[in-house]
Amino acid sequence: MAGPTTSSPERSSPAWRLLLGALALALVAVAALAVALAVVAGSDQPEAASSSAAARRPGPVLTSDSASADGAVDTASVPASSHQVIYTAGGFSPAQLVIAPGDTVSFVNNSEDYFWPASNIHPTHEILPEFDPKTPLSPGSTWGHRFDKPGQWYYHNHLSPDEGGLVSVVAPPATQAGVTQPAQSAPQEPLVFEMPDREFAPLPRDAASSHADIVTDDRRLEAFIEQFGPGGALQVLKQIELESGSNCHDRAHEAGRISYEMFGPAAFALATHDCQSGGQHGAIEAMFAERGTANLSSDIAALCDSTANAFFRHQCVHGVGHGLMAWTNYDLPTALGLCDNAPSQDRDSCYSGIYMENVVGGLSGAMGHVTQYLREGDPIYPCDIVEPQYQPACYFYQTTRMATVLNWDMAAVAALCDQAPANSRSLCFRSYGRDAANLAADDPAETIGHCRHAAYVIDNADCIWEAVQNGFWEPVGADRAVAFCALLDADPTAYPESRDACYGSIVLQADFVLASHRERQAFCQKLPAPRRPQCTL
């Protein structure tokens with residue numbers, strides 16, 4: 001087994017870079033400033049794939065003279081300010097439409113299949129729930145909806161979610177004394193990020209069986225989230241899925257919506273990625289349903305801005321990236337563009353959520369979530385086609401894709417990171433460390449063995465830095481993190497840079513994860529005496 005070799009001159013960094021680690025964790029923020037402007041230029045790339053025969057089954061039909069109380073209008077008597085979107089075998093045309101508030105859009109089925117136009121995010125349609133006929137529409141039928149709220153409203157075909165479109169509702173400019181003024185959205189109270197001032201209870205061992213009713217009972221789900229937190233609820237929903245064979249993605253949407261209603265923007269930091277990131281999808285649905293999308297620039301700018309530390313800020317913005325990717329119908333370029341107007345130090349956190357959604361959420365295919373930005377048998381795409389500023393964040397999640405394509409041959413994955421662009425190499429090996437720890441079920445010895453596939457000392461240190469953090473996202477992981485570093489200390493073949501990286505990583509993480517000064521001091525006392533001054537500082 002090949003271990004790290006002496007670093008080349010351009011790769012050497014003897015003190016390792018604690019500062020780099022701190023900055024990497026602080027790749028944070030609100031991301032996606034000025035979304036309202038960017039979304040209007042969004043593309044019609046699909047959100048998902050696969051339409052089964054069962055999904056296209058015949059059902060009740062709404063025709064051109066149908067009407068409903070939830071916002072749909074009688075398209076047989078539409079006003080002059082009306083528009084048509086034609087659905088054919090090729091999808092929706094036009095795929096993007098700009099209209100004024102109060103205008104009506106008629107969706108005409110010119111295909112030979114049933115279709116079902118509905119608001120994003122698939123499959124729950126909760127951002128603009130009134131934009132949903134609630135049933136499949138037959139060939140030849142027409143259904144209309146009047147758009148009263150300014151904003152950007154992505155939609156999809158519920159029966160074939162890879163087909164989607166965008167309706168942008170733009171208020172006309174006001175005219176005063178002959179001078180045209182730009183349209184402005186009504187002001188809203190700013191979003192404030194506040195972490196709950198308490199610890200959630202630990203999950204009981206039998207949570208999946210004793211709390212199985214959270215799958216069907218909204219009140220029980222809300223009470224469970226209140227007691228055990230959003231992350232606990234999502235973990236239990238995933239466990240129930242594994243035991244029952246049912247899919248937990250829809251229910252995770254509901255958990256995310258409840259979490260946002262209870263905790264506001266903190267829901268993005270508290271949610272896990274279980275159930276194909278349904279918690280983040282539900283949180284973004286709740287935010288857009290509550291506040292609309294006309295003030296996206298200021299809303300997303302404020303979402304995570306008042307977080308107490310860089311760790312939770314990163315988690316918050318990362319979760320927003322997940323939601324934006326799903327909201328834009330898995331259009332990777334558009335979703336990345338939504339992050340571009342954020343402060344420069346914050347953009348990578350938003351990008352990272354988009355790329356993780358692309359690799360993990362999109363790859364899963366759950367409930368139609370399939371991305372067009374993965375290629376069969378290609379372990380690198382799309383990192384090799386995005387512009388340089390997007391590459392580092394891409395490689396920080398791409399090793400999961402590499403490992404999947406390469407049948408979890410970790411030596412082969414390390415070789416691909418060794419060939420990564422210079423601006424992405426470090427984050428590729430950090431991503432490798434996270435995946436190595438997951439593959440080893442956080443067993444330190446096995447994880448350290450995987451990291452030895454790195455070709456250079458500094459790459460091994462990057463792998464160790466991320467791997468030791470993997471199980472230290474909450475206080476219960478502290479002892480395992482200390483044991484991980486102690487194992488490196490006892491290994492005569494371990495490199496000093498890797499030992500420094502291990503302790504530097506867990507000291508920084510302890511400062512984020514351990515809530516009180518007393519907890520942090522107790523943690524420092526568990527470290528070897530020479531490391532304690534570093535920890536105390």
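D132 is a buried residue, with a relative accessible area of 6%. Here "buried" stands for under 20% relative accessible area, "exposed" for over 50%, and "partly exposed" for anything in between, using a 1.4 Å probe and protein chains only. D132 also has a charged partner: a salt bridge joins this residue to K134, with the closest N and O atoms 3.9 Å apart. A salt bridge is counted when a side-chain nitrogen of Lys or Arg sits within 4 Å of a carboxyl oxygen of Asp or Glu.

Before going on, a word about the model. It is predicted, so local features need pLDDT of at least 70 and side-chain atom pairs count only at pLDDT 80 or more, while totals for chains, interfaces and linings use all residues. Residues are numbered from 1 along each chain as its sequence is written, and side-chain values use heavy atoms, with hydrogens and water left out.

**Charged pairs**

Side chains of opposite charge can pair when their charged atoms come close. The structure holds 16 salt bridges, including these:

| Pair | Closest N to O distance |
|---|---|
| D132 and K134 | 3.9 Å |
| D459 and R425 | 2.7 Å |

R257 and E254 share helix α5 (residues 249-263), where they lie 3 residues apart, about one turn of the helix. Helices are DSSP runs of H or I with at least four residues, strands are runs of E with at least two, and both are numbered from the N terminus. R257 and E254 are both buried, and together with E285 they are linked in a network of salt bridges.

D459 and R425 are both buried too. Their salt bridge, at 2.7 Å, links distant parts of the chain: D459 belongs to helix α16 (residues 457-469) and R425 to helix α14 (residues 425-439), 34 residues apart.

**A helix and a strand pair**

Helix α7 (residues 274-291) has 18 residues and reaches 26 Å from its first C-alpha to its last, close to the 26 Å expected at 1.5 Å a residue; that expected span is 1.5 Å times one less than the number of residues. Most of α7 is covered, as 15 of its 18 residues are buried. Just after α7 comes G292, which takes a positive phi of about 75°.

Strand β7 (residues 142-147) is mostly covered as well, with 5 of its 6 residues buried. Strand β5 (residues 103-109) runs antiparallel to β7, and 6 bridges join them; two strands pair if DSSP finds at least two bridges between them.
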